[in-house]
Protein chains: 2
Amino acid sequence: MLIVKKFGGSSVANKERIFNVAKRCIEDWQNGNDVVVVLSAMGDTTDELLAKATDINPKATKREMDMLLTTGEQVSVSLMAMAMQSMGVPAISLNAFQISMQSTSKYGNARFKRIDTERITHELENRKIVIVTGFQGINKYEDYTTLGRGGSDTTAVALAAVLHADVCEIFTDVDGVYTADPRVVKNAKKLEVVTYDEMLEFATLGARVLHNRSVEMAKKYGVTLIVRSSLNNEEGTIVKEAVKKMEKMLITGVAGDKNAARISAIGVKDEPGIAFSLFHTLAKNNINVEIILQSVGRNGRKDISFTVSQDDLQATIELLEDKKEVLTIQEVEYDENVAKISIVGAGMMSNPGVASRMFEALYNSRVNIKMISTSEIRITVLIDEKDVDRALNAVHEEFNLGE
Amino acid sequence: MLIVKKFGGSSVANKERIFNVAKRCIEDWQNGNDVVVVLSAMGDTTDELLAKATDINPKATKREMDMLLTTGEQVSVSLMAMAMQSMGVPAISLNAFQISMQSTSKYGNARFKRIDTERITHELENRKIVIVTGFQGINKYEDYTTLGRGGSDTTAVALAAVLHADVCEIFTDVDGVYTADPRVVKNAKKLEVVTYDEMLEFATLGARVLHNRSVEMAKKYGVTLIVRSSLNNEEGTIVKEAVKKMEKMLITGVAGDKNAARISAIGVKDEPGIAFSLFHTLAKNNINVEIILQSVGRNGRKDISFTVSQDDLQATIELLEDKKEVLTIQEVEYDENVAKISIVGAGMMSNPGVASRMFEALYNSRVNIKMISTSEIRITVLIDEKDVDRALNAVHEEFNLGE
């Protein structure tokens, strides 16, 4: 079996943890598997490098920033190879140049275009454990690029795809994907398996176990993911394509996200093109809009409400105030004390009654629903932030997710 | 003019020094020159990386060690590019992969084989200051190698050679090459110019301003070197091929080296091949022998004395004791309290009286000569360590080097 294993920065933050990771990888290798390990930079290394750069030039080009930051993973992988060698196991570290991990040109946020497998395959054939720098690529100018958020996960999935790995294990600080946040819902249950689409919905919600890009890539290339803990030997959660058995599960889980804010543009002219202009303006400024609610027009005016993440709230308000006239807005209102609650489940598609069951459960728990948004396999409602824990438990209970 | 400038680790050890180096480079660039800068790792970075590696695996492979250590220079060059950018100057950092600095395969002590100039030339044509990682190469396996001692100097000279640079400036913590160590000989004078051969002789002596490998390479490719201080704007010393005017200088300088020890193999059989076996054994164990003195045979026995650096003394003694029988040695003696004094000068070749003048000056200062060794442009004598300062001053005076 060919296994790709990815460990984040905290998993290799010191000598003890490096050896802990080395042992886990060696176990698989000793059982006859081929093992490729993808690592992030150790602990706070990336932050330390960023601080050095900012001290010298707060406006450094991203090209030089990537040249600097990519050293972090190179340190991790060489030290890991040394650790494995000290345990008598042949291991070799490789960086983006050595594997030719070709990416788009965009420094700081590149995407993979093509990965050569020749070198890795050669080393695996020699029964070496291959340790690869996550998070980095090489663009057409032969410059280092970095992949942005979730970059090391993406590296692992991309390698699993081109190497046709049997499985790609993503090690995190949680045991896997749960039916709800176990800190909030006492009887939350770890899921044995979820579909790519469900995982994508979870990732856009509060439960950021995996970054969307890596899940999308896994889905595209059919890479079976396993999310599991680097701290214990629990089985973790498998992420893969939907199969018959899985479809019986109506709801996979429920997630809450307090990082939400509602904004309302009051008294907008009820004319074609106004709503488009508004959302176009936001998109141009990289502001991601989530739930949208538009009131029915009255006296030639209407209200447009939508949610953004709290990080974007200030920028959104400033932008709307700034364009008030051209967007015909009479007033900008906002509410920070809101949160999203979502249920996700591939089984939802063929069961139209799910939404009303969710709404009724919330009603019975005196949770007021402010806005609603749905996808094929997700229903999201906006509620008061103070109601989140009660709402999560009510919905979890309603769909018997703890059983 | 195309100028290659090399700065060592202490010259880029912190933000202030990085900006100091940046300014010096930018001055040349603003004067219309093309500028290539070669940097070592910042301050103690290499030592810190070595410590991390040793902590994890004291016997790590050199291949992984080089993978680890090469990150040090990459950090230096990217931060330097950022510093220059903050001063409004276009700068770009490049590592051994990006320039394709092809080396032999020997990890930890590689030599350059071929360097592609395409990328550097392209960046220079765009009027960028190009900042290159010193000390590192890429071997035929596409692995990082490091060049061993004096590696960054070698990188600078190699780049100057392939780029046909007009000059290669090596910045150190001294002003240049002196007629003698200014801390010992009060009226020691900075030399304006020395030949490659003189510099090579100086380098093998105490005055390790430049590593031999870089001087040899400069000589081979006719690269004009300038040794100068990173702390001030003094002119420095030019190192180049001998020209007529220079030949008039009888003696260029005098150097002392206290890192010497004498070893004597007493009562060795006076038979062909014994001396060869002895020195062959030492060479095989990487022990570098300097001055050799062999006594005239008597009663079928003779004594062989030679000097090694003090670092090799213990290993040499153990080796000779170990092979006492096969080498027919009756006794091994040694003396640590010795030092070498050398005079160097290209003019020596055509002036046979130089040696006797040196010996007489030492005799007049009551300095006892224990052993003598000469090359075409160097005379070295072994003396008691306690006499070094007196001897240096006497010889410096005899040849009027302070004038």
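This is a predicted model: local features need pLDDT of at least 70, side-chain atom pairs count only at pLDDT 80 or more; totals for chains, interfaces and linings use all residues.
Which side chain does the side chain of A:N139 join in a polar contact of 3.3 Å? The side chain is that of A:Y107.

A:N139 is placed in the loop that lies between β7 (136-138) and β8 (144-146) of chain A. With a relative accessible area of 4%, A:N139 is buried, because the cut-off for a buried residue is under 20% relative accessible area.

The side chain of A:N139 takes part in a polar contact of 3.3 Å with the side chain of A:Y107. A polar atom of the A:N139 side chain also lies 2.9 Å from the backbone nitrogen of A:Y141. When neighbours within four places in sequence are left aside, A:N139 is in contact with A:S103, A:T104, A:S105, A:Y107 and A:T145.

## The eight-stranded sheet of chain A

Chain A contains an open sheet of eight strands with mixed pairing, in the order β3-β6-β2-β1-β9-β11-β12-β10. At its edges stand β3 (91-94) and β10 (193-195) of chain A; each has a single partner strand, so one side of each is left without a neighbour in the sheet. On average, and with direction ignored, neighbouring strands of this sheet are turned by 20° against each other.

Within this sheet, strand β1 (residues 2-7) of chain A runs parallel to strand β9 (residues 167-172) of chain A, and five bridges join the two. A:K5 has A:E169 in β9(A) as its bridge partner. Helix α3 (residues 62-86) of chain A packs on the sheet, where it touches β2 (34-39), β3 and β6 (129-133) of chain A. The direction of α3(A) makes about 165° with that of β6(A). Helix α5 (residues 118-125) of chain A lies across β1, β2, β3 and β6 of chain A and runs at about 170° to β3(A).

## Strand β15 of chain A and its partners

Strand β15 (residues 301-308) of chain A is mostly covered, with six of its eight residues buried. Strand β13 (residues 253-269) of chain A pairs with β15(A) in the antiparallel sense over seven bridges. In this part of the chain, A:R262 has A:T307 of β15(A) as its bridge partner.

Strand β14 (residues 292-294) of chain A also runs antiparallel to β15(A), joined to it by three bridges. A:Q294 stands opposite A:I304 in β15(A). The hairpin of β14(A) and β15(A) has six residues between its strands, and A:N299 takes a positive phi near 55° there.

## The eight-stranded sheet of chain B

Chain B likewise has an open sheet of eight strands with mixed pairing, and its order is β3-β6-β2-β1-β9-β11-β12-β10. The edge strands are β3 (91-94) and β10 (193-195) of chain B, each of which pairs on one side only. From one strand to the next, the twist averages 20°.

Strands β1 (residues 2-7) and β2 (residues 34-39) of chain B pair in the parallel sense over six bridges, and B:L39 in β2(B) is the bridge partner of B:F7. Helix α1 (residues 15-30) of chain B packs on the sheet and touches β1, β2, β6 (129-133), β9 (167-172) and β11 (225-229) of chain B. The direction of α1(B) makes about 175° with that of β1(B). Helix α3 (residues 62-86) of chain B also packs on the sheet, touching β2, β3 and β6 of chain B, and its direction makes about 165° with that of β6(B).

## The contact between the two chains

The size of an interface is often given as the accessible area lost when the parts come together. Between chain B and chain A, the buried area is about 3300 Å², and carbon and sulfur atoms give 60% of it. The contact takes 40 residues from chain B and 40 residues from chain A.

Four salt bridges are counted between chain B and chain A. In one salt bridge, the side chains of B:K15 and A:D55 meet at 3.2 Å, N to O. The two chains also share 23 residue pairs in polar contact. On the side of chain B that touches chain A, at least two residues are supplied by each of α1, α2 (45-56), α3, β3 and α4 (96-99) of chain B. With 17 residues, α3(B) gives the most to that side.

Definitions and conventions
Residues are numbered from 1 along each chain as its sequence is written. Chains are lettered from A and ligands numbered from 1 in the order in which they are written. Side-chain values use heavy atoms; hydrogens and water are left out. Two strands pair if DSSP finds at least two bridges between them. Helices (H or I, at least four residues) and strands (E, at least two) are DSSP runs, numbered from the N terminus. Axes are lines fitted to C-alpha atoms, for helices over the stretch in contact, and angles run from 0 to 180 degrees between N-to-C directions. Contact means heavy atoms within 4.5 Å. Buried means under 20% relative accessible area, exposed over 50%, partly exposed in between (1.4 Å probe, protein chains only). A polar contact is a pair of N or O atoms within 3.5 Å; within protein, one must be able to donate a hydrogen and the other to accept it, and residues adjacent in sequence count only if both atoms are side-chain atoms. Buried area is the accessible area (1.4 Å probe) that two parts lose on being put together, summed over both.
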